[in-house]
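These are my notebook entries on one structure. I wrote down what I looked up, in the order I looked.

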Amino acid sequence: MTLSALNAISPIDGRYRSKVEKLKDYFSEEALIKYRVLVEIEYFIALCELPLPQLESVPKSIFEDLRAIYKNFTAVDAAAIKDIEKVTNHDVKAVEYFIKDKFDALELSAYKEFIHFGLTSQDINNTAIPLSIKDAMNDVYVPEYFSLLEKIEGLAKDWAHIPMLARTHGQPASPTRLGKEIEVFAVRLKAQFDLLNDVPSAAKFGGATGNFNAHKVAYPNIDWKAFASKFVQEKLGLQHSFPTTQIEHYDHAAALFDALKRINTIIIDLDRDIWTYVSMDYFKQKIKAGEVGSSAMPHKVNPIDFENSEGNLGMANAIFEHLSAKLPISRLQRDLTDSTVLRNVGVPFGHTIIAFKSTVKGLGKLLLNEAKFAQDLENNWAVVAEAIQTILRRESYPNPYEALKGLTRTNEAITQNSISNFIDTLAVSDTIKSELKAITPSNYTGI
């Protein structure tokens, strides 16, 4: 059966495929195979450039033909490698045999035993996968992140001067401004993104148990550690981890996943706040012709984009959490649990991208209901009590907090008139009374 949006098991490859299509170039089986081919080819070229004595005769003019093997890699090539794997029952060995066939076609048969020379499969996997993650981050994740950040920053600017009743513990509190509350999320995101940028993309490259045993025994006079560091850092653009066991220790990968999780958590917080503001009627939502909000209630326009985002971010974080907790742990020099787990690395990225797009879409549908903001402020004059008692403290008025507590901590409505009448009873100058009466819920919004 041909895979389609209707028979895919995962909604990432089904319902939401169009939203995450770009990720296939980094996290699909075909992409993983292509990145493995890339590493193998570049490693062979690096051995030629070293050079190993047996490779001195390899013409440099052939290097671009070799690079074309991965640069022009196709689904047909991937299928050919999978056919080889049916025989080898080993995915990386299948890549090696595929490249050997290509060497035959390029009349390089004399050199093909230097493909995968001295390596273990993890030297390929632990460079290919970090490289694919790094590329996916730069090419897909970062643009989507900045699209979301720019939307948030734009709304913070647009709503900078909209006074709003704050709520702490769900109760009316000192007023704030809508733009400032949105800006909080932008500042939090940028701080975590800076930390994300500090996490290196690390890779292991050192043979069967990380010690270059095979390399050293074959060519004892070559500084293989220096070679590997140069190859990983200059050719692949990754940080060389050394020493390691057979596998990368994944500590930096865990840090990356934890950083991504923190960014997602901030967006969940934003989604829930906006959802709540919609429920409070602070925002209306743009209506699209033909859309249905409820199968039973025709009037409903639900905040589904924020709910979709929250759900997908929760899925992403659950998987990021497992990746960061599991990957740094391996029995002795190697067990295989990391292999199957790493095959799922694209899944949390998929859920994250779906969520980012949903939040951006939801934010773009919001319509400010300024009348509701003003109404809530007008209905909560008690919040200026903090301002009044603070000025009275400044003026050394006796027991100002207690005086305001007696006025406001009741079940009776506090209005502009009751506040004004209370101010008239205070033993302060007319200048101070005027200062106090100038304070309203709408202008008591701080910095």
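Where is the place of Ser396? I found Ser396 in the loop between helix 15 and helix 16 (400–408). Helices here are DSSP runs of H or I with at least four residues, strands are runs of E with at least two, and both are numbered from the N terminus.

Before going on, I noted that this is a predicted model, in which local features need pLDDT of at least 70 and side-chain atom pairs count only at pLDDT 80 or more, while totals for chains, interfaces and linings use all residues. I also noted that residues are numbered from 1 along each chain as its sequence is written, and that side-chain values use heavy atoms, with hydrogens and water left out.

I looked up the backbone of Ser396 and found phi near 60°, a positive value in a residue other than glycine. Ser396 counts as exposed, at 64% relative accessibility. The cut-offs are these: buried is under 20% relative accessible area, exposed is over 50%, and partly exposed is in between, with a 1.4 Å probe and protein chains only.

Asn399 is in the loop between helix 15 and helix 16. Its phi is about 50°, positive although Asn399 is not a glycine. I have Asn399 down as exposed, with a relative accessible area of 53%.

**Entry: Glu386**

I then went to Glu386, in helix 15 (residues 385–394). Glu386 is partly exposed, at a relative accessible area of 36%. Setting aside neighbours within four places in sequence, Glu386 is in contact with Ser174 and Tyr444; contact means heavy atoms within 4.5 Å. The side chains of Glu386 and Tyr444 make a polar contact of 2.5 Å. A polar contact is a pair of N or O atoms within 3.5 Å; within protein, one must be able to donate a hydrogen and the other to accept it, and residues adjacent in sequence count only if both atoms are side-chain atoms. I also noted that the C-alpha atoms of Glu386 and Leu404 are separated by 8.1 Å, with the two residues 18 apart along the chain.

Is Asn264 buried or exposed? It is buried, with a relative accessible area of 0%. Asn264 belongs to helix 10. Its side chain makes a polar contact of 3.1 Å with the side chain of Thr352. Beyond its neighbours within four places in sequence, the contacts of Asn264 include Leu313, Asn317 and Phe356.

Thr352 lies in helix 13 (residues 346–364) and is buried, at 1% relative accessible area. Its side chain also reaches the backbone oxygen of Pro348 at 2.7 Å. Not counting residues up to four places away in sequence, Thr352 touches Tyr141, Asn264, Leu313, Ala316 and Phe320. The C-alpha atoms of Thr352 and Leu313 are 5.7 Å apart, though 39 residues separate them along the chain.

**Entry: helix 7 and helix 10**

Two packed helices are described by the angle between their axes and the distance between the axes. For helix 7 and helix 10 (residues 251–279) I wrote down an angle of about 175° and axes 9 Å apart. The axes are lines fitted to C-alpha atoms over the stretch in contact, and angles run from 0 to 180 degrees between N-to-C directions. That makes helix 7 roughly antiparallel to helix 10. Angles under 35 degrees count as roughly parallel, over 145 as roughly antiparallel, 65 to 115 as roughly perpendicular and the rest as oblique. Among the residues that meet are Phe185 and Leu189 in helix 7 and Leu260 and Ile263 in helix 10.

**Entry: helix 14**

Which residues of helix 14 (residues 370–378) are buried? I listed Phe373, Asp376 and Leu377. Seen down the axis, the buried residues of helix 14 fall within an arc of 100°, so they line one face; the arc is that of the directions from the helix axis to the C-beta atoms. They pack against strand 1 (163–168), strand 2 (171–177), helix 7 (178–197) and strand 6 (366–368).

**Entry: two cis peptide bonds**

Leu50 and Pro51 are joined by a cis peptide bond, with omega about -10°. Pro51 is in the loop between helix 2 (29–49) and helix 3 (63–71). The peptide bond from Phe242 to Pro243 is cis as well, with omega near -5°. I placed Pro243 in the loop between strand 4 (239–241) and helix 10.
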